Structures are given as C-alpha cells and as structure tokens.
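Have the structure open as you read.

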Amino acid sequence: MEDKKQWISKADRPVLDGNIQYHIRCKPGDIADIVLLPGDPDRVPQMSKTWDEFKEVGRNREHVTHTGKIRGVDISACSTGAGGGSTASAMEGLASIGAKTFIRVGTTSAIQSHIKPGELIISSSAVRYDGTSENYVNLNYPAVADYEVVAALVEACERLGYTYHVGITATAASFFCGQNRDGFGGYRQSWFEDRYEDLKAANVVNYEMEAATVLTLSSLFKIKAGAIFTVIGNRETNEFSYDGIEKSITASTEAATILKEWDRLKKSKNKTYWYPSLTK
Ligand code: URA
C-alpha cells in the first residue's frame, strides 16, 4: 500500500511530495528536455537499451520512464499508453518537469496502397479524431508538427537509409470502430466506411491513436513535437506484419541527436530558427 502521507492533498492539480507528477511519478531533474513517447511500456526498455547509458526514473500504470544518454545527448522515453487520455496525462506531467521536445514513436496502418509494411511514416500534421485534444482547444485549431522535428526525422531516415513517407496522419480514439474495423460481433455504423474513404481521398496516409493529441497539446504548451511510425498494416491491401518496429525507434533517437546539433548551431550563429543552409 502506498503511504498516503506522501500526497499533497490538492485536487486541482495533484502531485506527490517533491513535485512528483501524479501519473508518471517523475520529478524535476528526472527527464531530459527531449522525450520520446511510445505507447507501449515495453517499448521504453527497447529504446533505452540502444542508448549508451540509462536508468528507470518512473513507473506507474501505463507510464514507464527511462532517462539516459546517447553520444553525449540527454534523452528520455516515457510510455503514454494507448489513446489520447493517458497520452495527455503523461504530457501534462512531462511538461510540468521541463520537457521541451516530444517525439511520438509508434506503429500504424497505412490507408494508401503504395505505403508498405516495414516502411516509415513521418506526420506533417494530424486529423483530430483523437477525442482528447478537443477538451483543450476548439477543433478548428490545427494538430501540426514542428517543422524542425519533421526535418530532423527526415534527416535521420536519410542517414539510416530507411524508406519513409511524410504526410497527414489521422488519429482515431478507437483501434476498431474508429479505424473502419468491425466492432465485436461485426458491429458497424454506415459512417465508418465514409470517414475512411473521405480521409483516403483527402490524401491522409495513415491511422493511429496518439499523434493529434501530442501535436495539438505541444503547440498549446509551446513544446516542439513530431511523430514517426513503423507501418505494420496496410488497410487497402489488408496486409499486417509486425516487422521493423526497431526502425522508428532508431530514427527517433537519431533525430533527437540531430535536433541537439541544430540547437547548438542556432546558438552559435545567434539564430532562433533552423534552416537548411545553417548546417552547411
Ligand atoms: N495502430 C493503430 O492505431 N492502428 C493500426 O492499424 C496499427 C497500429
């Protein structure tokens, strides 16, 4: 049983003694300013074992947090769980203890036939069917990725020789009915198919469950954010293959080191924004 005396009893923003954040159980100083956000808690050790060093700094519910270093760059990973609600809770906690950049790292199904399982998708923006971000801001507000994070993810994929696509993601609050799959017992509504066909016609490239929450809340919190996915399914060809998960992990970690290098360049040249010729 948890010692209840360690709680600060404020219902409007509960934290534990020492400013330990309620959902993620991390405190100031526990995380790096760049945080990778996988959904699955098991993916956090999969990420941190590729770093030069790491330690576990938090574990509660679906949120496992590791912090470490790769090639001299401080980095953290915190699992969000599936869907917008737990993702927003993790982001609230991480923002409160100093996160400055989020990279959502996950799996996805493509809805365009030319994108194959094992390839990568980098989100330029996301359609907000996430069901969570609308609790923060009107649906007319865009879920848009930070251009530096998108460019760093592209640079990472190029360096690593990965096949990738950049495009608009659709974030659904449900893996099944929200993504034009039957519910239990073949349950369907007529609009499942219409929404899917409309997204496809509008050149949306993939379905997943957290990007719109990450991108929208990051803009509201003045945090840079992007998202990268390993394609495990294609809804047009009906292929599903759980290969290549490590590619989105490797690319996101590489992008974190690239962003740090670009930050150093900006500072040395007294620039606020990175642009391609700054790197020459
Ligand atoms: N994640 C999703 O949300 N949908 C898929 O089809 C695959 C991964």
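Arg13, Pro14, Val15, Gln21, Tyr22, His23, Ile24, Ser89, Glu92 and Gly93 line the second largest pocket. Bear in mind that this is a predicted model. The second largest pocket holds about 170 Å³ of space, while about 340 Å³ lies in the largest pocket.

**Second largest pocket**
- Helix 2, running over residues 84-96, gives the most to this lining, with 3 residues.
- Sorted by class, the lining of the second largest pocket comes out as 4 nonpolar, 4 polar and 2 charged residues.

**Largest pocket**
- There are 21 residues around the largest pocket, and those nearest its centre are Arg104, Thr107, Phe175, Met209 and Glu210.
- Strand 7 (101-110) and strand 11 (204-208) each put at least two residues into the lining.
- Strand 7 is the top contributor here, with 6 residues.

**Proline 38**
- You'll find proline 38 in strand 3, which covers residues 34-38.
- Is proline 38 buried or exposed? Proline 38 counts as buried because its relative accessibility is 0%, and the cut-off for buried is under 20%.
- Leaving out residues up to four places away in sequence, proline 38 touches Arg43, Val44, Met47, Cys78, Ser79, Thr80, Arg104 and Val105.
- One of those contacts, serine 79, sits 41 residues from proline 38 along the chain, yet their C-alpha atoms are separated by 4.9 Å.

Technical notes: Residues are numbered from 1 along each chain as its sequence is written. This is a predicted model: local features need pLDDT of at least 70, side-chain atom pairs count only at pLDDT 80 or more; totals for chains, interfaces and linings use all residues. Side-chain values use heavy atoms; hydrogens and water are left out. Helices (H or I, at least four residues) and strands (E, at least two) are DSSP runs, numbered from the N terminus. Buried means under 20% relative accessible area, exposed over 50%, partly exposed in between (1.4 Å probe, protein chains only). Contact means heavy atoms within 4.5 Å. On a 1 Å grid over the protein atoms alone, a cavity is a set of points where a 1.4 Å probe fits but cannot get out, and a pocket is an open set with protein on both sides within 12 Å along at least five of seven lines; lining residues have an atom within 4 Å of a point. Grid points are joined across faces, edges and corners, and a volume is the space filled by probe spheres set on the points. Ala, Val, Leu, Ile, Met, Phe, Trp, Tyr, Cys and Pro count as nonpolar, Asp, Glu, Lys and Arg as charged, and the others, Gly among them, as polar.
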